[in-house]
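I opened this notebook to keep track of what I looked up in the structure, entry by entry.

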Amino acid sequence: MPPTLASLVHHSALKLTVRAGEDRLDVPVRWAHVSELADPVPYMEGGELLLITALKLDAGDPEAMHRYVKRLAGAGVVGLGFAVGVNYDEIPEALVEAARGEGLPLLEVPRRTPFLAISKAVSAAIAADQYRAVTAGFAAQRELTRKALTDGPEGLLAALAAQVDGWAALYDASGAVVAAAPEWAGRRAARLTADVQRLRERPAPASSVVGGAESSDHPENADRVELHSLGTSRRPRSALAVGTAAAPGTAERYAVHSAIALLTLTTERSRSLHEAGLRIDAAVLRMLLAGEPDHARTVAGDLYGGLLDAPFRIIVAERASGSAARAHAGPQARVPAADTDGDPLGALAEVVESAAARSGEAVLVVPEGERLVVLATDQGAAVAACAEYATALETARPAPEPTPNGDVDGLVVGLSAPSGPIAASTAYKQAEQALSVARRRGRVCVEHEHLAAGSVLPLLADDAVRAFADGLLRALRDHDATGRGDLVASLRAWLSRHGQWDAAAADLGVHRHTLRYRMRRVEEILGRSLDDPDVRMELWLALKATSTD
């Protein structure tokens, strides 16, 4: 630790005597400075032991000494050393009383102790402290490196927490806690997710300091937390949090910087492995879609655990633009944390991978240009995270900024029904079909199961279908507009009753012969036979597509 006034007082060669401020001798001394100026404050930085002989001071004047000592204390001077036997045989009582009044330590320096000896003692103590800190820092670096090699990031965090006498935590790209040490620190670290996400928005390397709140389980953790981004890319992929009771000293700072370097190396190495894994993922996916599940299992080995054998779902996501993106942009919503860099596909990949990592389940993620394909366990955390993220975008996303060509970037997602390796290609087609429906409806995410369990009628909202329906029925509506009959309503009633004349006529309140006449007029105007089931189907769908008009 750095030298203190107490250590100087106990220095056997200096023979210093405490005359005031006995209860403040544990304050660190940054330097020893000699000045005989009546006002040395402009030349002080704080933390100094000021040495004087009172050559230019009226040390016997109580009022002058009060002003003098008050200014020294205000400037951060930690102590005053007064040499006796030079200008004064003993320290004037006015100066002693002023020092006591301000609580400023006052040390009596005997004539046989030169100021230079005190300066040398302070300098030697500072140098020794710095040497100890550097030595301890190198020792911490060796220990952290050993732990990183033998026990991975978890061991490194445990060693770092011990070095700084606090706690440490590692976050993934989404701001979720990956590991923490000691074990209790996980809950403390989880409360800083929002701060980590804000840190990720800044170019790497970035750091910030946040204060801590009292923990009911660990009240000693009203701590100071440093957050550091990890990685060398523009957008960091992870972060380190270090919580301590006070600002780290030199040795602790060495340990923190060593941990940052080691974790950054791990992150960059993990990125290279991740890119290699993407190539394997793409090959395995191609084999599954080609109907070669056995070959896919051979290539994958144990890489995906039981993912390729258990029921899984396929997610297909693409960028949305134009009206589809505007349709799912809420006017007062907030952008989800993962979607902050203008890359919706990358954000979705991070959400899915982070959820899978936290739950310990395997997931296969394959970027394909402007498309992302995900194979994930049915009813698993990755699928749930995808659905939650899509819901957040749908209900809580601000209107995206238009791109130069006038379109608006967004995200559309299609989710297949549960499937297995034999039917992977079918699941992929289901996801594509759901994606197509999502795009037409202006939705963020559509599940294929919901399409099969619902009605085909909502699909008629497509503009192309409505245009076809308007064209098919226009001649009948033009006829009705002249007041010469009600052919559209009659056609709807007749089709809804499956061609039963009496029931349809009763619904309309007309004679069945009148209804027969109207249906013949429909055939004449349209030039199509109502005996043809395809014609009846098209007319019914056209009526349903325009039923809101």
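**Entry: a helix pair.** Is the crossing of helix 15 and helix 18 left-handed or right-handed? I looked this up in what is a predicted model, and the crossing of these two helices comes out left-handed. The axes of helix 15, residues 487–496, and helix 18, residues 533–545, come within 10 Å and cross at roughly 115°. On the side of helix 15, I noted that the contact is made by Val-488, Leu-491, Arg-492, Trp-494, Leu-495 and Ser-496, while helix 18 contributes Arg-536, Leu-539, Trp-540 and Leu-543. Sorted by class, this contact has 7 nonpolar, 1 polar and 2 charged residues. I kept in mind that an α-helix has 3.6 residues a turn, so residues three or four places apart point the same way.

**Entry: cysteines.** How many disulfides does a search of the whole structure find? The search returns 0. I then checked Cys-386, which is in no disulfide and whose nearest cysteine sulfur, that of Cys-445, is 5.4 Å away. Because a disulfide needs the two sulfur atoms within 2.5 Å, the 5.4 Å between the sulfur of Cys-445 and that of Cys-386 is too far for a bond. Cys-386 is buried, with a relative accessible area of 4%, and Cys-445 is buried too, with a value of 13%.

**Entry: helix 3 and its surroundings.** I asked which residues of helix 3, residues 93–102, are buried. They are Ala-94, Leu-95, Val-96, Ala-98 and Ala-99. These buried residues pack against strand 1 (17–20), helix 2 (62–74), strand 4 (79–83) and strand 5 (106–109). Just after helix 3, I found that Gly-103 takes a positive phi of about 70°.

Entry: Lys-15 is not a glycine, yet I found a positive phi of about 60° for it. Lys-15 lies in the loop between helix 1 (5–9) and strand 1, and at 46% relative accessibility it counts as partly exposed. Asp-165, also not a glycine, has a positive phi of about 55°. I placed Asp-165 in the loop between helix 4 (115–164) and strand 6 (167–171), where it is exposed, with a relative accessible area of 68%.

**Entry: a cis peptide.** Which residues does a cis peptide bond join? I found the bond between Ala-181 and Pro-182, with omega at about -10°. Pro-182 sits in the loop between strand 7 (177–181) and helix 5 (185–190).

**Entry: Gln-433.** I located Gln-433 in helix 12, residues 424–441, and read it as partly exposed, with a relative accessible area of 43%. The C-alpha atoms of Gln-433 and Gly-414 are separated by 7.2 Å, with the two residues 19 apart along the chain.

**Entry: the chain as a whole.** For the overall record, I noted 18 helices and 15 strands in the protein chain. Of its 549 residues, 45% are buried. The chain exposes about 27,000 Å², and carbon and sulfur atoms supply 53% of that area. Taking contacts between residues at least 6 apart in sequence, I found that 64% join residues at least 24 apart.

Notes
Residues are numbered from 1 along each chain as its sequence is written. This is a predicted model: local features need pLDDT of at least 70, side-chain atom pairs count only at pLDDT 80 or more; totals for chains, interfaces and linings use all residues. Side-chain values use heavy atoms; hydrogens and water are left out. Helices (H or I, at least four residues) and strands (E, at least two) are DSSP runs, numbered from the N terminus. Buried means under 20% relative accessible area, exposed over 50%, partly exposed in between (1.4 Å probe, protein chains only). Contact means heavy atoms within 4.5 Å. Accessible areas come from the Shrake-Rupley method with a 1.4 Å probe; for residues, only the protein chains shown count as cover. Axes are lines fitted to C-alpha atoms, for helices over the stretch in contact, and angles run from 0 to 180 degrees between N-to-C directions. A crossing is left-handed if the near helix is turned anticlockwise from the far one by less than a right angle, and right-handed if clockwise. Ala, Val, Leu, Ile, Met, Phe, Trp, Tyr, Cys and Pro count as nonpolar, Asp, Glu, Lys and Arg as charged, and the others, Gly among them, as polar.
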